[in-house]
Amino acid sequence: LGIARTPFFDTLDPDIEQAVRQAISLLTRLTAPPRDVTLPAYRGFTTITVAEMYAAQGATYPKSKDLYQPTTRFILENGARVTVPAYIEARRELERVRRMIAGVFATVDVLVAPTTPGLPTSVDDALTDSGARGVPSLRNTSPFNSYGLPSISVPCGVSRSGLPIGLQIAGPPLGESIVLAVARAYERATSWQRTPPV
């Protein structure tokens, strides 16, 4: 089990931190002791993500902004401002980082992390969100998308307020089978997937 402390474990909600710590402890008994790893630094995640989201929605977004959730509007507005040179440079850097990521899996089979650093917001809060607050919920999932790594989120707990907590398991490029095997082993050893949240 590989544990990338930064940024995935930074500023976690206390309920999430406790649930994920317990999940890792269980996985350690099922597999092997965890090992801290460092993922290659990459600053272009946001540039590529927001630019590509805007490109996908560019034909409809300007005419129907009011139909988009505030956080999505916030992301798309930022995507509209990405320049072509900035996007090209971010893509070049991404290809370099993707070549480096294979080295992380020389000593571990999978990476485990909290799916999100904070608990879910209510639908009402999401609909009135100014935009900036909702973006951190992507902090722990979007890097694996950009790295090109297969990942899955499985339930690993419920907060004191009854909200679901997820554990993210990611594997090497084309490593879907090991990701699914670890996720299935964890689900067989727990009952969180059968515990309905509020």
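1. First, the term for the charge pairs: a salt bridge is a side-chain nitrogen of Lys or Arg within 4 Å of a carboxyl oxygen of Asp or Glu. By that rule the structure holds eight salt bridges. Mind the ground rules: this is a predicted model, where local features need pLDDT of at least 70, side-chain atom pairs count only at pLDDT 80 or more, and totals for chains, interfaces and linings use all residues. Residues are numbered from 1 along each chain as its sequence is written, and side-chain values use heavy atoms, leaving out hydrogens and water.

2. Now the packing of helix α2 (residues 45-57) on helix α4 (residues 84-101): the angle is about 125° and the axes are 9 Å apart. Helices here are DSSP runs (H or I, at least four residues), numbered from the N terminus. Axes are lines fitted to C-alpha atoms over the stretch in contact, with angles from 0 to 180 degrees between N-to-C directions. The pair is therefore oblique, the class left over once angles under 35 degrees (roughly parallel), over 145 (roughly antiparallel) and 65 to 115 (roughly perpendicular) are taken out.

3. Who touches whom there? On the α2 side you'll find Thr47, Ile48, Ala51 and Glu52, and they meet Ala86, Tyr87, Ala90, Arg91 and Leu94 of α4; contact means heavy atoms within 4.5 Å. By type, the residues of this contact are six nonpolar, one polar and two charged.

4. Glu52 and Arg91 also form a salt bridge, at 3.5 Å from N to O. Glu52 sits in helix α2 and Arg91 in helix α4, so the pair ties together parts 39 residues apart in sequence. Glu52 is partly exposed at 35% relative accessible area, and Arg91 is partly exposed too, at 28% (buried is under 20%, exposed over 50%, partly exposed in between, with a 1.4 Å probe and protein chains only).

5. Arg91 has another partner: Glu95, with the closest N and O atoms 3.6 Å apart. These two are four residues apart in helix α4, about one helical turn.

6. Last, Ser146 in helix α6 (residues 142-147). Is this serine buried or exposed? Ser146 is buried, with 9% relative accessible area. Leaving aside residues up to four places away in sequence, Ser146 touches Phe45, Thr49, Leu94 and Arg98.

Conventions:
Ala, Val, Leu, Ile, Met, Phe, Trp, Tyr, Cys and Pro count as nonpolar, Asp, Glu, Lys and Arg as charged, and the others, Gly among them, as polar.
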